[in-house]
Amino acid sequence: MSSAVKSAISLLVIDDSPGNVELLSNGLSQPGLEILTASHPEEGLNLFRNRRPQIVITDLMMPDVSGMEVLERIVEIDPATDVILMTAHYSTESAVEAVKKGASDYLNKPISIGPLRERIGRLVKEVRKRQRASQLEDELRTNSEFEGIIGRSPQMWEMFWRIRRVAPHYRALLVTGETGTGKDLVARALHRLSPVASGRYVVLNCSAVVETLFESELFGHVKGAFTGATHDKPGLFEHAHGGTLFLDEIGDMPLATQAKLLRVLQNQEVQRVGALNARKVDVRVVAATNHDLRTAVAEKRFREDLYYRLSMVEIHAPRLAERKEDLPLLQRHFVARFAAQYGKETRGLTHRAQIRLSQHSWPGNVRELENVIGHAAMMAISDMVDVQDLPTYLHASSETPEQTAASFSAGGTLAEVERAYIIRVLRETSGVISAAATRLGVPRTTLNAMMTKLEISRKDL
Amino acid sequence: MKTVLVADDKAPGRELLRAVLEQSGHAVYEASDGIEAVRSARELLPDLIILDLHMPMLDGFGVLQELRLDQRFAGTPIVALTASAMQGDRERALSAGFTAYIAKPISLSALRGEMQRLLG
């Protein structure tokens, strides 16, 4: 570690007794730690604002502004600061208040300087570790981000790898995946990594186009081709010439248009509606769908030949439920984004809130998570998002009994499934038997008896 | 998230422990005397139990003895809250079978350190 970073750690002592200030600043001085002092709370707060020390030691009883208020104001400015209160009048009540307001310690005067010195030494090390950790976290975040797509799970690595492999070569490609899995991000990544990255990236959502205008939209038209065609107009294919055309919800494209699209893909030329000649175009096509196109083919709603043409190269965006190990990463990403967007100091999610999110099945995938975090970041009062800040449907464990049943492998005996389910509910209620019994809808004594019969013990939780 | 049972007849003492433990993301349950402590411990099977030594009905030593007889608490850390004025308490607590002790008035850093060590 460079000396520049070392010297960036500082400690502020605030005490109205000059003797105490001197005692502390002499006694605590150690290499790599800069000590600032103030004999008045307001002076101390000003110093804090200007110099941002990582550690503050303040007296509790001071004229004008109490140490408790100093603590409050400091935590408001930077909640990561370690604030140590000292007092000659220790009371458990004020210790509780100090903890709740975010103090890192509450010391009884007279201060024994030896142990405090050691403690400050440990804090300095911790601060240094935190600085390093946040550097690492930044690095991790950059490393687990691929062209704006976030993930570190094997499924995502596999997808990143495929994107990297096919991007230089594909002409037409199909992206599949449920709604909210980020198919549009995949398309954008493909464009950016392709040789035509400097060309245009044009998007058409096929479900949003009126059927009669589809062909004119895609291929353009000439003046007089139909009523209202007052002048020549190029279509999206010509517009995307030398770039990429992203056709979202390709399953919603009318059959007649599908046939023409196939011809464009085969010949690399388009014919404007009403025109006699075709024009050469050089366009890469990424199509995306959240439907099962094979079913659509079987039901004659989608042309088989177009399907095969597109699905020669297929990239599948995994569901969020298949890659729950990416949840913390995604949470951090969205929290940082919404905190910046709302101008809030939101730092993350409490452990409880994270557990709640990990229990959810995420039918709406990453987009649902994005909405949930956006909602929570807006609602959060403190700098940590807690369960009550989440949308109400996530307050309780959200699984339906059907989903729960489905998560147990079929083929188990009833006793095995009962046992597994009871253990699971007990874990979710932190082993509180009466709470588990309430959720299971049986009296506590019954649950106790079942636990004995099914040989469930504390070890299983 | 771990479950912690805190038994102390003084409400501010319980509240201080609750505040510190909840900040670390743990679930805290309270008992205000020894009998209630034994009953709650059997019902909750907490991951950690903190007992004030001086409580009405049944003191911390009594609760410890009761719980140590029960196999289910064989591996549960049980921590004593001792008044630092009473020098003998600490030695007595450790020899009676408490896993660790925390001296009152409680040092927040010592408490956080112990909890981290015992709850992981």
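Ile35(A) sits in strand β2 (residues 34-38) of chain A, where strands (E, at least two residues) and helices (H or I, at least four residues) are DSSP runs numbered from the N terminus. The structure is a predicted model, in which local features need pLDDT of at least 70 and side-chain atom pairs count only at pLDDT 80 or more, while totals for chains, interfaces and linings use all residues. Residues are numbered from 1 along each chain as its sequence is written, chains are lettered from A and ligands numbered from 1 in the order in which they are written, and side-chain values use heavy atoms, with hydrogens and water left out.

With a relative accessible area of 23%, Ile35(A) is partly exposed; buried means under 20% relative accessible area, exposed means over 50%, and partly exposed lies in between (1.4 Å probe, protein chains only). Ile35(A) touches Leu11(A), Val13(A), Ser25(A), Leu28(A) and Ser29(A), leaving out residues up to four places away in sequence. Here a contact means heavy atoms within 4.5 Å. Ser10(A) and Ile35(A) are separated by 25 residues in sequence, yet their C-alpha atoms are 5.7 Å apart in space.

A second residue to look up is Val222(A), in the loop between β10 (220-221) and β11 (233-234) of chain A. Val222(A) is buried, its relative accessible area being 17%. Beyond its neighbours within four places in sequence, Val222(A) is in contact with Ala229(A), His231(A), Asp232(A), Arg272(A), Val273(A), Gly274(A) and Ala275(A).

The picture can now be widened to the whole chain. Chain A contains 20 helices and 18 strands. Of its 461 residues, 44% are buried. Among contacts in chain A with a separation of 6 or more, 68% join residues 24 or more positions apart.

Helix packing comes next. Two packed helices are described by the angle between their axes and the distance between the axes. The axes are lines fitted to C-alpha atoms, for helices over the stretch in contact, and angles run from 0 to 180 degrees between N-to-C directions. In chain A, helix α3 (residues 41-51) and helix α4 (residues 67-77) have axes that come within 11 Å and cross at roughly 10°. The two helices α3(A) and α4(A) are therefore roughly parallel to each other; angles under 35 degrees count as roughly parallel, over 145 as roughly antiparallel, 65 to 115 as roughly perpendicular and the rest as oblique. The crossing of α3(A) past α4(A) is right-handed, a crossing being right-handed if the near helix is turned clockwise from the far one by less than a right angle, and left-handed if anticlockwise. On the α3(A) side the contact is made by Pro41(A), Glu42(A), Leu45(A), Phe48(A) and Arg49(A), and on the α4(A) side by Val70(A), Arg73(A), Ile74(A) and Ile77(A). These residues divide into 6 nonpolar, no polar and 3 charged; Ala, Val, Leu, Ile, Met, Phe, Trp, Tyr, Cys and Pro count as nonpolar, Asp, Glu, Lys and Arg as charged, and the others, Gly among them, as polar.

Another pair in chain A is helix α14 (residues 327-342) with helix α16 (residues 365-379), packed at an angle of about 45° with axes 9 Å apart. That angle makes α14(A) oblique to α16(A). The contact involves residues of α14(A) including Leu327(A), Phe334(A) and Tyr342(A), and residues of α16(A) including Val366(A), Ile373(A) and Met378(A). By type, the contact residues of α14(A) and α16(A) divide into 11 nonpolar, 2 polar and 2 charged. Here too, α14(A) passes α16(A) in a right-handed crossing.

Finally, the backbone deserves a glance. Most residues other than glycine have a negative phi, and most peptide bonds are trans. The peptide bond from Lys109(A) to Pro110(A) is cis, with omega near 0°, and Pro110(A) belongs to the loop between β5 (105-108) and α6 (113-143) of chain A. In chain B, the bond from Lys104(B) to Pro105(B) is cis, with omega near 0°; Pro105(B) is in the loop between β5 (100-104) and α5 (108-119). Positive phi values occur at Asp64(A), near 70°, and at Lys300(A), about 60°. Asp64(A) is exposed, with a relative accessible area of 67%, and Lys300(A) is exposed as well, at 68%.
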